[in-house]
Amino acid sequence: MLSLNTILQNRYRIVRELGKGGMGTVYEAIDQRLNCVVALKQTKAARDDAASNAFEREAALLANLRHQALPKVTDYFSEDEGDFLVMEFIPGYDLAELLELRGSPFHQSQVLYWADYLLGVLEYLHGQEPPILHRDIKPSNLKLTKTGELYLLDFGLAKGSVGQMPTIASNQ
């Protein structure tokens, strides 16, 4: 775990941990060069050449995605602490947090709207070359902003044991 105010790449200052999962830890950070808030995902991967190459390929692939429901990937790097993906910070609560705060289910029409919207995002991802499979769609990976925008988060980067990340499906 990175400490508060740790600076990576002489640029990204850690503000706080946002979440931790099986594939890594996500931090809120300040990009001191651009003076903006970003999300930094530190991956838990083997640090061998194959894993590094797979991480670089996936970072480049994700950086080229353009959909309003996906956070933009702006940078990636490796440092002593691991491999990092720099993404647009999406403020708000995930649907699991909102459900807990509400104490009751969401209205059916709202859930159906979100489901339809999410299908559009998946159609976009599956239409990429190679197709991108998220593989972990759940309420905690769907973030809702104050303005009602829904984002699909957490692409679960970095196993790379055979040179392919688990989120990438390929015919190779």
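Figure 1. Strand β1 (residues 7-8) pairs with strand β2 (residues 12-21) in the antiparallel sense, over two bridges. Strands here are DSSP runs of E with at least two residues, numbered from the N terminus, and two strands pair if DSSP finds at least two bridges between them. Opposite Ile7 stands Arg13 in β2. The hairpin of β1 and β2 has three residues between the strands, and in this hairpin Gln9 takes a positive phi near 60 degrees. The model is predicted: local features need pLDDT of at least 70 and side-chain atom pairs count only at pLDDT 80 or more, while totals for chains, interfaces and linings use all residues. Residues are numbered from 1 along each chain as its sequence is written, and side-chain values use heavy atoms, with hydrogens and water left out.

**Figure 2. The hairpin of β2 and β3.** β2 and strand β3 (residues 24-31) run antiparallel and are joined by eight bridges. Two residues lie between β2 and β3 in this hairpin. Arg16 has Glu28 in β3 as its bridge partner. In a regular strand, side chains alternate between the two faces of the sheet.

Figure 3. Lys41 is part of strand β4 (residues 36-43). Lys41 counts as buried because its relative accessibility is 5%; buried means under 20% relative accessible area, exposed over 50%, and partly exposed in between (1.4 Å probe, protein chains only). The side chains of Lys41 and Asp154 make a polar contact at 2.6 Å. A polar contact is a pair of N or O atoms within 3.5 Å; within protein, one must be able to donate a hydrogen and the other to accept it, and residues adjacent in sequence count only if both atoms are side-chain atoms.

**Figure 4. Aromatic rings.** Rings of Phe, Tyr and Trp (its six-membered ring) pair if their centres lie within 6.5 Å; planes under 30 degrees apart count as stacked, over 60 as edge-to-face and the rest as tilted. By this rule there are four aromatic pairs. One of them, Phe77 with Phe84, is stacked, with 5.0 Å centre to centre and 15 degrees between the planes. Both Phe77 and Phe84 are buried. The pair of Phe106 and Trp114 is edge-to-face because the planes stand at 80 degrees, with the ring centres 5.0 Å apart. Phe106 and Trp114 are both buried. Tyr12, Phe77 and Phe84 are linked by ring pairs into a cluster.

Terms used. Helices (H or I, at least four residues) and strands (E, at least two) are DSSP runs, numbered from the N terminus.
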